[in-house]
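My entries follow the model below.

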Amino acid sequence: DFITFLLVLSSILWTCAVYLTSKSSKTRKSARLPPGPNPWPIIGNILELGPKPHQSLAKLSRKHGPLMSLKLGSITTVVVSSPEFAKTILQTHDLACSSRSIPHAIEVLNHDKISMAWIPANSKWRKLRRICKEQMFSVSSLDASQGLRKEKLQKLHEYVSGCCKAGQALNIGEAAFTTTLNLMSATLFSVEFAQFGSDSLQEMKDVVWGVMKYVGMPNLADYFPILKRADPQGIFRQSKFYFERLLEIFDRIIDERLESRASGVSEEKKDMVEALLDFYQRDEISRDDINHLLLNLFVAGTDTTAGTVEWAMTELIRHPKKMSRIRDELRDIIGENGQLQESEISRLPYLHAVVKETFRLHPAAPFLVPHKAEADVEIDCYVVPKNAKILVNVWASGRDPNIWPDADLFMPERFLDHNEIDYRGNDFELIPFGAGRRICPGLPLAHRMVHLMLATLIRDFGWKLGNGQKAEELDMSEKFGLSLQKAIPLNLLPMKP
Ligand code: HEM
């Protein structure tokens, strides 16, 4: 009868699954893949990812080891969860592991073939990185753009003062996002995109977060490339929508600049678009190169920086004494009045320790940006096979109790005792910006922005949670995407300290 038929069918399927799983375990051994959980037929280990893959994979790595292999659908994926193996991948085998594993959501409008963040580390990539470094991130260009940051930080200060006078709580992530958004748009195109609390801010936030969300979202079409055409979750369509909206904005700005250049009445603007148009008019880069590079810088720079500030403030509201210690340090260095100068950041060891501790516990990109092996890479007795996707789980090594005593506690003081550990890509236990040739080019700018924003928020204001909420009850959940955001926004009431 039907029940017996179902029982027989399910036991046949079960036997097949067990057979295929044990077969794949033998295949793993013969291919010398790093250890890992046995994959299910067809789907592999997809189900093990869960809604927070950085946490699930950290847990799996504790069982299978810091160099672990998985099958995500048809894609071999290697997960690295220790500083030693991160160093092996990002330093020893830097070149062989410097390409990107491309999510389907990035293939929209050929972004994967044009943009600096996703093309392989070839000569075109080197040229774009050099331009960015010279025009935006070198010490001299950063020093030259200090005035811009001062102006935007002043606006942040005024906004917080206004909320303080009105006894009104503010969304810290949103305030930090507005500041970074305007900083980025001013540096790139001499434009201010959004006012605090405005509709245009919400719109820009939606677009930037939309890109981050759909690019970071687990996508069946990535695990089974055969499904790309069908786009079963609609991720490609959504991603295209957000990419188009950003590129339209950049296109309009570039058109205007080219028109005013052609008419000879262009006023002298010293921003990134002008610098890029010089390269364009010398035929060194194309218009598409400019558009997609602007998109990279804009998206990569805003959410990451603002999210870091929100996490730092979240930790500090739970540790008020540490917040006061920062305030005291700031007052010692800059006094009661005046703004922090960028040259003074290096004289703030405690604030710097707080930033490091925030990066340790809340790295903005928990898997960096996924790398890909360009060739078979031998590590100890294992092989990371050509085309494998490589995830460096910096979230996991940041919370590893074998590396960090009291790993789950927020203790900036640990970096006062070991202040030689920094996040510039040489100390592999702390690499929130990555390391090696693909390290985040925006690191020097992000370093300044995060310190400056925290100093602006903390020196002149005390903070408390609204609605009688207790700090120890604060929700610390994370929202996984390409960047790791706080799931529930942090709303705080500013006060006179
Ligand atoms: C790449 C982190 C801010 C632009 C990356 C990567 C990480 C990262 C982990 C990938 C590294 C790798 O592949 O190994 C961060 C964090 C930031 C931040 C934590 C702030 C707290 C910025 C800023 C900009 C920027 C302010 C630019 C204005 C980029 C670009 C790439 C990148 C263009 C791609 C580079 C390439 O593939 O060659 N970032 N970033 N980032 N970041 Fe950042």
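Which side chain does Arg257 meet in a salt bridge? I found that the partner is Asp271, at 2.7 Å from N to O, where a salt bridge is a side-chain nitrogen of Lys or Arg within 4 Å of a carboxyl oxygen of Asp or Glu. Arg257 sits in helix α11 (residues 235–262) and Asp271 in the loop between α11 and α12 (272–281), 14 residues apart, with helices (H or I, at least four residues) and strands (E, at least two) taken as DSSP runs numbered from the N terminus. Both Arg257 and Asp271 are buried, buried being under 20% relative accessible area, exposed over 50%, and partly exposed in between (1.4 Å probe, protein chains only). Salt bridges with shared partners join Arg257, Arg261, Asp271, Glu274 and Asp278 into one network.

I noted the basis of these values: this is a predicted model, in which local features need pLDDT of at least 70 and side-chain atom pairs count only at pLDDT 80 or more, while totals for chains, interfaces and linings use all residues. Residues are numbered from 1 along each chain as its sequence is written, and side-chain values use heavy atoms, with hydrogens and water left out.

Arg32 is partly exposed at 34%, and Glu378 is partly exposed at 48%.

Next I turned to the cysteines. I counted 0 disulfides, a disulfide being a pair of cysteine sulfur atoms within 2.5 Å. For Cys381, the nearest cysteine sulfur is that of Cys97, 17 Å away.

What is the only protein donor of the iron atom of the ligand? I found Cys440 (SG), at 2.3 Å, donors being N, O and S atoms within 2.8 Å of the metal (3.2 Å for Na, K and Ca), and water is not among the atoms, so sites may look incomplete. Cys440 lies in the loop between α17 (414–417) and α18 (443–459) and is partly exposed at 30% relative accessibility.

Last, I checked His54, which lies in helix α2 (residues 53–64) and is buried at 0% relative accessible area. Leaving aside residues up to four places away in sequence, His54 touches several residues, including Pro366, Trp395 and Glu478, contact meaning heavy atoms within 4.5 Å.
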